[in-house]
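Here are some friendly notes to read with the model open beside you. Take the points one at a time and find each place on screen as you go.

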Amino acid sequence: MRDVVIAGVGMTQFGKMPDRSLKSLTSEAVDEALADAHADPEEAEFVYFSNVAGGRLQEQDAIRGQVWLSDSVLAGVPLVNVENACASGSTAVHQAWLSVASGAVDVAVAVGAEKLHVPDKARAFKAMTSGVDQDRLEEFASLLGGDSTSRSMFMDIYARFALDYMERTGATREDFARVSVKNHGHGALNPKAHYGVSLTLEDVLSAREISGPLTLPMCAPMGDGAAAVIITTPERAHAWGAEPVRLLGVAIGSGKVGTAEGRLVTETARRAYERAGITPVDVDVVECHDATAPAELIVMEQLGLCAEGEAPKLLLAGETTLGGRLPVNPSGGLESKGHPLGATGIAQLVELADQLRHRCGDRQIANLRIALAENAGGYLGPDAAAAAVVILGSI
C-alpha cells in the first residue's frame, strides 16, 4: 500500500440555510478544497460522494452525487455514492484512501453534503429514523419509550446510552452539561460553526429537556452544509505545492445485532491504531462524534484515551479543553459546529488537517503531531451500526 495524504480541505458554513441548494453547497466545498491543494480539477480521477437523507428529504433517491456535482468543476468525474448513516462522510474518505493507497488512482476526492433543515421537522426526524432496522421500529420505540414524531429517535438512543453510563460510572448530568459548555465555547471560536455562542452551566442545565438527562444544548442540531477533502500521494501533493497531512490509519467497522454497546468503536479504533503504528497515548487532539454531550465522554473511553469512568475527571480538570493536554472537539464538535450527516465525518478531518497545519486562529492547538477522528452512525441495538476512525499526522 502506498503512502497517502490529504492535500486540500474545504467546507461551507454549517447551519440553517433554506436559500442554499445542495448543488451550491457542494460546489463551494469542492472549490475550496481544490484551491487549498493547488490542484487542477482535471486531475481528479474519482469522487466518493456522501449523503444520508437526500432520498427522503429532497426525493433524490438515486444518483445524488452526479446530480449535486453537476454544476461543479468535478461534473463528469467517475463517482460512487456512499451511504453509511452518520458515518457516511468518513466512509467516503476510507474509500478514497483505499483507491489511492492501492494504486488504482492518484487523486480521489471525498465529498459530503446534506440539507436537513426543512419546514416540516417531522420529515427530518423520520429521515433520521431510517438509521435503524425498520422491521424493529416498534420494538425500539417500546424499549426506548420515545416519540420519534417530536424528536429524532436517536436522541432517545443517546439518552439510554447516557443513563447506562451514569449507572456504570457515577457520571452526572452536570458532567454532561460541562461537555456542552466546553464544546460551545470552542464553537464560538469557529466562524463556520452552526452555533457561535458560548454557554454557561446554568444555560445548559435549565434548557428544554429533550430526552432523559439530555437538554437541547447537549444535542447536535440538524442543519445544512458540505465538506470535501482531496486525497492523493505525497509526490503529487508536493508537485502541486500543497501543504499536506498524512493519512496514517483509516478503519471502518460494521456492527452486529446483540453486540455489546461500545464494542464497535473500540474494535475499529484498535485497527486504526495498528495501521497507524501508534497507541492512544500518542494522540494529541480528537474530533469525536458527540451527537449528544454524553457521547464525548463515552467515546473517549471506547477509544482507549482514558480508563472507564475517567473521562469526566479529565473534563473537570480542563485537560480536554483548548489549552489542555488532550483537546477534544476543538471545532465545537457536532453539538456546536453542527451535524449535516453526510458532511460530518469529512468536516472533522477539515478541522484536524487545519489544526495540524496551524491554521485555526484562536482555537489553534500548539505542538501537534497526531490527530484522531471518530465518526459513528446507525443503531442495531444495543451498539451502533457503523463506525470509522481516521488518524492523521503532520508531515
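The points below go from a pair of helices to a few loop residues.

1. Before we start, please keep in mind that this is a predicted model, in which local features need pLDDT of at least 70, side-chain atom pairs count only at pLDDT 80 or more, and totals for chains, interfaces and linings use all residues. Residues are numbered from 1 along each chain as its sequence is written, and side-chain values use heavy atoms, with hydrogens and water left out.

2. Two packed helices are described by the angle between their axes and the distance between the axes. Look at α7 (residues 153-169) and α12 (residues 293-302): they pack at an angle of about 60°, and their axes are 9 Å apart. Helices (H or I, at least four residues) and strands (E, at least two) are DSSP runs, numbered from the N terminus. Axes are lines fitted to C-alpha atoms, for helices over the stretch in contact, and angles run from 0 to 180 degrees between N-to-C directions.

3. How are α7 and α12 oriented to each other? They are oblique, since angles under 35 degrees count as roughly parallel, over 145 as roughly antiparallel, 65 to 115 as roughly perpendicular and the rest as oblique.

4. Which residues make the contact (heavy atoms within 4.5 Å) between these helices? From α7 come Tyr-158, Phe-161, Ala-162 and Tyr-165, while α12 brings Pro-294, Ala-295, Leu-297, Ile-298 and Glu-301. Eight of the contact residues are nonpolar, none is polar and one is charged. Here Ala, Val, Leu, Ile, Met, Phe, Trp, Tyr, Cys and Pro count as nonpolar, Asp, Glu, Lys and Arg as charged, and the others, Gly among them, as polar.

5. Gly-262 sits in the loop between β8 (245-254) and α11 (263-276). Its C-alpha atom is 8.7 Å from that of Pro-382, although the two residues are 120 apart along the chain. Beyond its neighbours within four places in sequence, Gly-262 contacts Gln-302 and Asp-383. With a relative accessible area of 6%, Gly-262 is buried (under 20% relative accessible area, with exposed over 50% and partly exposed in between; 1.4 Å probe, protein chains only).

6. Finally, check Asn-329, in the loop between α13 (311-316) and α14 (333-336). Asn-329 is not a glycine, yet its phi is positive, about 55°. Is Asn-329 buried or exposed? At 0% relative accessibility, Asn-329 counts as buried.

Notes. Contact means heavy atoms within 4.5 Å.
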